[in-house]
Amino acid sequence: MNRPINVMIADDHLMVREGIKQILELDGDIKVIAEAGNGKECIELLDEKNTDILLLDINMPEMNGLKVLQYLKEKKTDVKVLILTIHNEVEYLIRAADIGVEGYILKDSDSSLLKKAIITLMQGETFIQPELRPMIKKRMTERATSLNSYDDNLTKREIEVLKLLAEGLFNKEIAYTLSISEKTVKNHISNIFKKINVSDRTQAAVYAIKHNIVDIF
């Protein structure tokens, strides 16, 4: 990469922001260009800064993380959003997926995983921390026991692709695993999105978890 990844941190706790900044800037591949203590400030700074990745807390004053996310998606910005979450915020994560968030990570994750998540988003992929998947699955089962089978319109190959996508594999890795071209993988993913009515990989992964397509728990 020719330049560092520009990251903004939006969290209402100063110590959290300072700690994350120190961790991210250790190796020079990531640069924290702005910090926000509430949602309104976050929106204002995003209009001023050339931000690649936004690390976004859910519970913030004035304007919470979900409202910030909704604003960014409605504006169709290029900023990719990585939600910073805690274990008991699963319902918020599902709502964030519906809006179109690119990734989730727990606040107590180690530095290497946080950096991996940021780089993954920068590469155009999504990131769902593995530890969150069982909790999402449990909550979705509680909410809708009727959603225990996948859409019959999906072909066998599309189900295979969706399963690997939900497990976090990149297109190249899916292509290698299934012995098909990367272009074919992209076509399958496009068809899957249309059939299950989602717009990004995170929503597709949540769909796979809800419908028991992935068996990784």
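At what angle do helix 1 and helix 5 pack, and how far apart are their axes? Before I answer, a word on the source. This is a predicted model, in which local features need pLDDT of at least 70 and side-chain atom pairs count only at pLDDT 80 or more, while totals for chains, interfaces and linings use all residues. Residues are numbered from 1 along each chain as its sequence is written, and side-chain values use heavy atoms, with hydrogens and water left out.

Helix 1 (residues 14-24) packs against helix 5 (residues 111-122) at about 80°, and their axes are 10 Å apart. Helices (H or I, at least four residues) and strands (E, at least two) are DSSP runs, numbered from the N terminus. Axes are lines fitted to C-alpha atoms, for helices over the stretch in contact, and angles run from 0 to 180 degrees between N-to-C directions. Helix 1 is therefore roughly perpendicular to helix 5, a term that covers 65 to 115 degrees. I20, I23 and L24 of helix 1 make the contact with S111, L114, K115 and I118 of helix 5, where contact means heavy atoms within 4.5 Å. By class, these residues are five nonpolar, one polar and one charged.

Six strands form an open sheet with parallel pairing, in the order 2-1-3-4-5-6; two strands pair if DSSP finds at least two bridges between them. Strand 2 (30-36) and strand 6 (127-128) are the edge strands. Strand 4 (residues 80-85) and strand 5 (residues 103-106) run parallel and are joined by four bridges, and L84 stands opposite I105. Helix 3 (residues 65-75) lies across strand 3 (53-57) and strand 4, at about 150° to strand 3.

Strand 6, helix 7 (156-166) and helix 10 (201-210) each supply at least two residues of its lining. Among the lining residues are F127, L165 and R201, each having an atom within 4 Å of a point.

Technical notes. On a 1 Å grid over the protein atoms alone, a cavity is a set of points where a 1.4 Å probe fits but cannot get out, and a pocket is an open set with protein on both sides within 12 Å along at least five of seven lines; lining residues have an atom within 4 Å of a point. Angles under 35 degrees count as roughly parallel, over 145 as roughly antiparallel, 65 to 115 as roughly perpendicular and the rest as oblique. Ala, Val, Leu, Ile, Met, Phe, Trp, Tyr, Cys and Pro count as nonpolar, Asp, Glu, Lys and Arg as charged, and the others, Gly among them, as polar.
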